[in-house]
Structure formats: C-alpha cells, structure tokens
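Hi,

Here is the structure I promised to pass on. Have a look at it first, and then read my notes below.

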Amino acid sequence: MSRTACLWLPQFELNGRIAQAPEFSEAPAIIADVSTLSARVLEASLPALRLGIDSHMSMVTARALCPDLTVIPPNATFRNELKQRILQLLYQLAPVVGHDQQDSFFLDLSGTERIHPNEAQLAQQIHRRIAEIPLPAIVAIADQPISAWIAARACSGATQTQIVPAGDDQAFIGKLPLANLPMPEEIQRFCHVLGIASLKELQTLPHGALCRRFGKLADQLERRIFGQANDVFNIEIPPSPDQVSLDLDDPTSSLEVLLFLHKSLLDRLTCEVKNKRLVIACLQLGWQLADRTVVERQFRPAQPTLSSRCLLDLLGLWFRQCDLPAEVLSISLSAVEVGRATARQLALFDRQQQVAEEAFDSALAQLVAMFGERSVVTPELSDTFLPEQRIVWRDYRSARLSTAQKITAHTPVSQSLPPAIRLFDPPRKLTWDRKRKLFFDADTSYHVRRTDGPFHLQGQWWHDTPFNRQYILVHTDQDELLLLFWEDKRWHLQGLFD
Amino acid sequence: MFSHIAQQLQLPTAEQRQSTLEVLQSGIDALDQLLPCGGFVGGQLAEITGNSSCGKRTLATALCANVLAAGKRAAWVDGTGQFYPLLQLEFGVPLARLLVIRAAVERPSERDRRETHHSETHHSETHHSDSNHSDSNHNGSVDRDHSVDRRVNVQPANIRRFVDRHQPSGPLCLPVLKAVDILLQNNGAVSLIIVDLPPQTKVPPRLLARLKLSAEQSGVAIVFLTEQIGRSFHGSSSLGTFISLQLRIKRQSGTQLGIVVAKSKNGKMAHQAVVTIDEPHSVSLASTI
C-alpha cells in the first residue's frame, strides 16, 4: 500500500522572510499586495494572528485591528527560491516529491519501506532538515495525499507530527470536524442546513449524492472525504545540472589542446544555461584519466557569469599549475550551481551575437561595394531540369530579406557526404579518341579507366530549345571523376567531382 | 630564449594567448579524429591540397555545412568560378546561409588588357578634353585646368610596363585575398573562410603573413583549397611556412578519399585516414528530372 508524507509549512513565505530578518518575529507582520485595489492579507505572522488578523482579510480591516502592522510585499522570486531549497532537502529523502503550489510539500513513500522502515523517525528526519532553514513545520503521514494534507492541518497544540495508521484514512478523516476539509461555500451551506457537523456524517451520505446535487463541484470533495483523491499535488522533477561532456579518442595532456576543447565545451554549456535565463555560479570540472583515476574540481567565478572566457581563464590558471599523473581520456563540465541571470547579463550575452551580426553586415556591405551585388551570393535550388541551371546564385542580401531562414544551433547534419561538383559553364567540348580510349580537348586529355551510366535526361520538348542528353560518369586513370554528356553529336564535359 | 624568459616571468606565450580560440569540426568522424585538435582551429591557416577531382571541395563543403549547422557563419571565396554545390543542396545539406564571394582571379593577360584599355581611354579623353577646352574657351564657358593633360602626351606605345621581378608568376589572387581581408577586418563576421584558389596560383608571402596575423587577431579559421598538378603526392606547400595544417587528399577509389596530414604545428604529422563519400550516381542525376 502506498504511503504519502505531507509537510505543511504554515505562513510559508512570511516565515521564510522572518527567518532572514528576525526583527519581524516579535512584531505583527503580514504579507499583502497593497498595489491592487482591494488588497487582502495573504499571510499573517503569529503576533498578527493573535490580534485577530487572518488570511483573506481586507487590508482596511487589518489596519483597523492593528495600525502598526508591518506590511511586506510578496516576492515571487524569494518564494520560488525557498521552494526550490526545500525541494532540494526533500529530494534526499524520497524519489518523488511534490508541491501543491501553496504551502504543502509531499513525499511519495512508495517503495521506500526498506529505507524508512519507521515512519516516526522519517518525520523526525524531515523536521531536522527543515530546521536548517529554519521554518515551523508539521509533518503528517497517511495513505493518500489528501488524508496526509488534512491530518497535517488537524494537528493541534505542540504536536508537529501526525501519523495515520495504514488503511485508516477514512476513519481518521471521519473523526475530524467539517472545517478541516476545504469545500465550496454552497456545499458548506448545504451541510449546515442538513445539520452535518463532522466529516463522518458526510461520509454516511450515499456515494454520488453530492455529485448528483452539485455536479462537478462535488466530485473532488466526494473523493477526498473517502480518502481517494490523489491529485492534491504536482510532482516536482528536480532540475538536473546542465552538463556537457566529451570523450577523447586520443588521450592528451597537452595544455593547448585541453584549452581548445574546454573552450568549445564551455561555449555549449553557457548557451544552454543562458537559454534558461540562468548564470553559472559554480562550474564543476571532471576528468577521467588514462590510469582510471578521476579528477574533479570546482571553480567559482567572482560573480555568477555567462562569460565562457572568464570561466576558461579560471580553468587555464589551474591547468598550468596541476600535475597530471596520466593523460586525459574524457572531460565533463557541469553547472552545479546556477543563479538567476540579470537583464544586463542576458543583454551582454546576446550582444555578442549582435556584434557578430553587425560585423557580418558591415563585411557584406564592403564586399558588395567592391565586387558588386552579383558576386556576393548564396546558392539556391531552382525547379528546372538541366544540372547547370539547377542552382540559382541569389544575391545574399535579398536572400536574407526574403526568407527568414533561421537554423538553430546544433542542427543535426545528415551523415551522407555527397561529392561536390566543379561546374564548367559553358560545358567544355571534348573529342573521343576511340583508339586510345581518351577524351581530349586543346588543353587536357582524360584517359578512361571505367564508365558508369548512361543516364538519360530529356525534356522541354514543348519549348523552342528542347534538350536530349546522355550523361555518363567517367573514372580516369588519374583518379578523376568526370561528368560528361552527349548532345548534338558531341561530347561535353559538364564538370568534375571534387 | 624569449619563451624561456616568458616562462620565468610567468607571462603568457603566444600559444597560451591563442588558447581561447575555437575548434571547428567538419562533422566527418574520420577527418575530425585525424586532425590534431579534433577540427580546424580558429585563428590558423590550413590548406587542403590534392590533384583535381581528389575530393577537397567535398570535404570543404561538409565543413561549411557543419559550421553553418552549429549556428555560426561561413564564407566561400571562389577564385575559380566553378563552385557548384548541386548535390549538397539536393541532399538537404544546409548551405542556405553560406556566403559565396565570386571573386574573379585576374590573370596577367587580363591585367595588361585592362591597362592598355585604360591608357587608350585616357588618351582619347585627353584629346577630347583638349578640343572641348578650346571650344569652351571660345564659347566663354568655365575653364577647366588641363595643364597636367597637356604636359603628358599619353600614347599606348609609350606605356612602360614595370615588371616586378619579385612578383611570382601565375594568376594573381589579389581580389580573392582582398575579399578574405575584408571578412577578417570585420571581427566576428564569420567563423570560417574557405579560399578556393585556381591551379598554379601563387600567393605573395607578405600577403599571406598579413592574413595570418589578421586571422590570429580575429580567431577565424581559414582553409585554402589548392590544386597540385601532376601525379606527385609529396611536395612542399604552395603557401609557404604560414600554414599551420596541410592535408593532402588522394582519391583511392570512386568513393574513398585518402587524407594525410602532411604538415601540422599541433602534432599528428603523417597520420592518415580514409573518408568515404557517396557514389555520385547513387545520389542520382535523375533527381534533376
């Protein structure tokens, strides 16, 4: 049977802010977004709760109750970082960890019976880890996530741990008052009218009765009161550190070669990190040496950065000092610690691309000025038949403007390697010497060793200039590969494969 | 001696300063494994040489395609006017962003004809301007100063052609090198430049030295494609001592290319590899129908 642990952190963000600024621990403080028109209290500290200030209370009421209230604006970044920090602590206890996007974290304990045979000790471990932050926490363990969630909120007094025995979810929930289970207002009024005061009485209603009365609104509630709902939280997948690696075919200990290779890897790594709008705060280098030893070292730049040159300088300083016992077989670089990139850092990273674009445009303008528009071109395929007309040389500027061709980095290139052609335009006329088995013209002669073909090409018969060609591939005794065609009772050399 | 002093002072040497340059891989496993640093190094000059139809343009095109696929820019300076990547485009090799500069290589005979035409044109203009001048003076129009034209009586037969004894023979490659220089001066414009030189082209060493310096400063990899005439597979580089890497290519069969590292400043001298390319007829001329 599966078990789930729920870690409830009441006033999650506020307690985290108070942990950073202890001076607010004694004063009544709330978190509220006062920039909105009808601002409401989001979270209230313990002194504020004692004064009667509660969540969802209007700011007007809250200030009336306590004029000296300290209002802290919500900080999504801080909240997210705190959440990630807690998740990192919980990942060490269970493989599947989740979050309900509010103030509760869940650990799926399925399959961890041998790791955590005693659930009470597991709850203590969770408390000890959260105490590192520190935050007040309540831990509950039950069969279903919703049962654990309800059990955590049902803890009273100094109790910080609640363990529901296996198979007793329904019975446990039944003992609790109605207020422990969040439900829509309509259903609350319905229960009040009917005189239902506890969850046990709600459980006595026939299955589906609430759904027939309230429709979809009651579907989730029915599953929860019977401890059958497991859609309380979203599983949080831990982000794996960005890593790049390279296996060397030839082990090396040459400083130059190693720096070259690390530069390429760093460029890829910074690009991946930048795409997530992060910066590298700590870079881990891993080398596997030829003597099967592993060298690992971490490098911290002065400030989290996206500059591969800065990181390469750190690597280079250490390379020159270190004494390798063997040659390097494989290299891995990983961004073990990352931070949030500032707008300036992202702009500087993009600026490198922008500078390259500006330099390219400047070079293009100079080349066009020197050689003309028709000499600065890019190849494009056209829908024609004759090989010499298949490529259209389009001037580069108009080609860039007309088609938004953006090739993303690391586009996989086809593994085929088609040969390149040196095209003679116009084709060179050759004469065939049958006796000596060679083609020749005024400049050169080609002794034939082998031929492939023919390949017949005929078309445009509806045109004034139809064509009818027989193509052959000629292998010469000098290892050249020629493309010839027979037309108008004459051999023509279309090109060489080079 | 200086490197010893630099080491004592712990100053970075030229090699260490160059250590931040990138390596461009060709995407051909056999070739990348053969090369000393796993690819063509930015800031260095490389040469791929071989007989005609040995497969050097095939390898260079594959290198361009891999560089373009990595999101970088590549340029092909075509000095022969014969670059035609038909099969690559038909096979979907991404060459759409390849910048091709069709720089005509000026031959000495063409230069002489150009100079002769210029002198004849100049002479006819001089005569025409003289007559116009007299007419304009007669008509009271603005008088232009043709004193220089009057003093020099330019005749085609009087043109003295100065032969630069230090100028190597063969077709001049100045337009090609100028195009390369423009790309290098705009730092960061491209990551790779392929320079396709015609046969028997000699590059003046001073220009090559300047290109090498510009390439080092900009971090651009330059690959020269040169053609050897005749069957000789072993010989000196036609581009002198400024080349850091020279690969000699020989077609061993219709689809097998033998590559030898003939020169390398980063090791792996005389290492060899065989690269397999596609059969031309397997890519089918019928695709053009």
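Let me start in strand 21 of chain A, where Leu493(A) is the bridge partner of Arg428(A). Strand 16 of chain A and strand 21 (residues 490–497) of chain A run antiparallel and are joined by 6 bridges. For the terms: helices (H or I, at least four residues) and strands (E, at least two) are DSSP runs, numbered from the N terminus, and two strands pair if DSSP finds at least two bridges between them.

Before going further, the ground rules. This is a predicted model, in which local features need pLDDT of at least 70, side-chain atom pairs count only at pLDDT 80 or more, and totals for chains, interfaces and linings use all residues. Residues are numbered from 1 along each chain as its sequence is written, while chains are lettered from A and ligands numbered from 1 in the order in which they are written.

On confidence, pLDDT being the predictor's confidence in each residue, from 0 to 100: chain A has a mean of 82, and 92% of its residues reach 70 or more. Residues 403–413 of chain A have a pLDDT below 50, and beyond near neighbours in sequence this stretch has 19 contacts in the model. Two residues are in contact if their C-beta atoms, placed from the backbone, lie within 7 Å. Where pLDDT is low, the predicted coordinates should not be read in detail.

Back to strand 16. Strand 17 (residues 438–440) of chain A also pairs with strand 16 of chain A, antiparallel and over 3 bridges, with Phe440(A) in strand 17 as the bridge partner of Thr431(A). These two strands form a hairpin with 4 residues between them, and Lys437(A) in the turn has a positive phi of about 55°.

Strand 16 (residues 421–433) of chain A also reaches across to the other chain: strand 5 (residues 83–84) of chain B pairs with it in the antiparallel sense over 2 bridges. There, Ile421(A) stands opposite Tyr84(B). The contact between the chains takes 64 residues from chain A and 71 residues from chain B. On the chain A side, helix 14 (residues 343–371) gives the most, with 10 residues. That side divides into 38 nonpolar, 15 polar and 11 charged residues (Ala, Val, Leu, Ile, Met, Phe, Trp, Tyr, Cys and Pro count as nonpolar, Asp, Glu, Lys and Arg as charged, and the others, Gly among them, as polar).

Chain A also has an open sheet of 4 strands in the order 10-13-11-12, with antiparallel pairing. Its edge strands are strand 10 (243–252) and strand 12 (294–299) of chain A, each pairing on one side only. The twist averages 20° from one strand to the next; axes are lines fitted to C-alpha atoms, for helices over the stretch in contact, and angles run from 0 to 180 degrees between N-to-C directions. Inside the sheet, strand 11 (residues 278–289) and strand 13 (residues 328–340) of chain A pair antiparallel over 11 bridges, with Cys282(A) opposite Glu337(A) in strand 13. Helix 12 (residues 255–275) of chain A packs on the sheet, touching strand 10, strand 11 and strand 13, and its direction makes about 35° with that of strand 13 of chain A. Helix 13 (residues 308–321) of chain A lies across strand 11 and strand 12, running at about 130° to strand 12 of chain A.

Now for burial. A residue is buried if 20 or more other C-beta atoms lie within 10 Å of its own, exposed if 12 or fewer, and partly exposed in between, with C-beta atoms placed from the backbone. Helix 6 (residues 145–153) of chain A has 9 of its 9 residues buried, so it is largely enclosed by the rest of the structure. Trp149(A) and Arg153(A) are among them.

Chain B has 9 helices and 11 strands, and 41% of its 289 residues count as buried.

Cheers
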